[in-house]
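Take a walk through this model, from the whole chain down to single residues. Keep the sequence and the 3D view side by side.

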Amino acid sequence: MLIIDKEKCSGCGLCEASCAFAAIVVTDDLAVVNEACTLCGACVENCPDDALRIEVAERRIQEGLDEYAGILVFAEYRRGIVAPVSYELLGVGRRLADQRGVQLSVVIAGGDVSRHADSLIASGADIVYLAESPVLEQFHEDVHAAVLAQVIRAQKPEVVLAGATAMGRSVVPYVATVIDAGLTADCTRLEIRESDGMLLQTRPAFGGNIMATIECPHTRPQMATVRPKVMAPAQPDPSRSGSIIRLELAEEILQSRVEVLESVHNTEDQVNIQEMETLVAGGRGLDSEKGFALIRELADELGGAVAASRAAVDSGWIPYPHQVGQTGKTVAPKLYIACGISGAVQHAVGMQSAETIVAINRDQNAPIFNIATYGVVGDLYEVIPELIKRLREVKK
Ligand SMILES: Cc1cc2nc3c(=O)[nH]c(=O)nc-3n(C[C@H](O)[C@H](O)[C@H](O)COP(=O)(O)OP(=O)(O)OC[C@H]3O[C@@H](n4cnc5c(N)ncnc54)[C@H](O)[C@@H]3O)c2cc1C
């Protein structure tokens, strides 16, 4: 943090003038720092009174890093279903475990989860930890976090993976704080560095303009959340064998500080675009909410669902669950038709893994054409009706 020595500060204002973030203001002849400070150090260099200094918190270096081994996946289970991201985590977890020559385990918590153990083993797990209790049927982040923390403390895995989903994003930072470990959120690539076995965790940074690779050299486990639909699930192999271990859960672990008064399901938009094989997406080029009627017509004709760019969502033309991209969902359908979408990097990161991308845009220089498999340069209000007509003819 930035420390201001009140005795030395003369209130000259040179620090305020040198700050590019308006994070330091001289009030009553004394420099005062606010939360915009990025610790860039420009004010420290420019202070003629030597009144400013940056204090860096002491880096914690954990003892006994070598005691940690194995990869642990936190499986996501809600209302009787194991979320698909859990199988994607097992896919990448299996690859990492094989590279490290260690075991892949998975912890699953819920009211009745034992029936899913075999499919988790078939999908790559060597060990399944079952946390079963009626209390776990309802999601409580503190209880689920306590279960995961219990497994981590007992098993000491070197890597813990969870989905970058609403559940993973609430449980895993909780656990990382409790066990004092590092966490990289929203990873899109995970690799093991051969020379020292370090987990290299790659994720978009600075608005998606660069990919940052993060490592956690001083603490264990190395924890990462992974975006759904970015990693491929392992092909299930029913002949695989593994161990199933039922966890003993102490009474205090199952005590939540949260009382759930009511669970309300969002019935407005049931379609999960991440599960669809065909998506027809609309962007600002639709020009109005009405354009989505045409997009929906094409999607219906193809048996697909409707997706959107953030510009369309921000305009209020379609609700947020349809948004694809960095701050929306990551999708990997067989077919993605982008209509009136420019292809900004923040949109592209959410859909570039689609098997086939068709772009319809009237600007032949639109960046979407750089990632499209097929491109149609033209007005979407002319192209889409033609496409629908042709599809109907072919179906006949
Ligand atoms: C931190 C951050 C996060 C973001 N997250 C996301 C995200 O998750 N998802 C996302 O999508 N964006 C995201 N954005 C916004 C992103 O940068 C773009 O602004 C957005 O994707 C643009 O949406 P668009 O392509 O629909 O609109 P535009 O960029 O305005 O493109 C509209 C396109 O439509 C074409 N067009 C216009 N009329 C027609 C017509 N009649 N027929 C055919 N083509 C036509 C135009 O040529 C143009 O290429 C984010 C931005 C930031 C800074």
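**From the whole chain to its details**

Among contacts between residues at least 6 apart in sequence, 63% join residues at least 24 apart in the protein chain. Bear in mind that this model is predicted.

The C-alpha atoms of the protein chain fill a box of roughly 85 × 60 × 50 Å along the principal axes. The chain has 396 residues, and 38% of them are buried. It holds 11 helices and 21 strands.

The chain is divided into three parts: domain 1 (2–54), domain 2 (65–254) and domain 3 (273–395). Between the C-alpha centres of domain 1 and domain 2, the distance is 43 Å.

Now turn to the ligand. The shell around the ligand counts 29 residues, and the ones that come nearest are Gly283, Gly285, Arg310, Ala311 and Gly325. Which of them gives the most? Helix H8 does, with three residues. What classes of residue make up the shell? There are 15 polar residues, nine nonpolar and five charged.

Some backbone details come next. Most residues other than glycine have a negative phi, and most peptide bonds are trans.

Start with a peptide bond. The one from arginine 220 to proline 221 is cis, and its omega is near -5°. Where does proline 221 lie? Look in the loop between strand S14 (210–214) and strand S15 (222–226).

Then find alanine 22. Its phi is positive, about 50°, although alanine 22 is not a glycine. This residue is in the loop between helix H1 (14–18) and strand S2 (24–27). Is alanine 22 buried or exposed? It counts as exposed, because it has 10 C-beta neighbours inside 10 Å and the cut-off for exposed is 12 or fewer.

Aspartate 287 sits in the loop between strand S17 (278–282) and helix H7 (291–302). Aspartate 287 has 14 C-beta neighbours inside 10 Å, so it counts as partly exposed. A buried residue would need 20 or more.

Methods
Residues are numbered from 1 along each chain as its sequence is written. This is a predicted model: local features need pLDDT of at least 70, side-chain atom pairs count only at pLDDT 80 or more; totals for chains, interfaces and linings use all residues. A residue is near a molecule or strand if its C-beta atom, placed from the backbone, lies within 6 Å of it. Helices (H or I, at least four residues) and strands (E, at least two) are DSSP runs, numbered from the N terminus. Ala, Val, Leu, Ile, Met, Phe, Trp, Tyr, Cys and Pro count as nonpolar, Asp, Glu, Lys and Arg as charged, and the others, Gly among them, as polar. Domain bounds come from an automatic or database domain assignment. Two residues are in contact if their C-beta atoms, placed from the backbone, lie within 7 Å.
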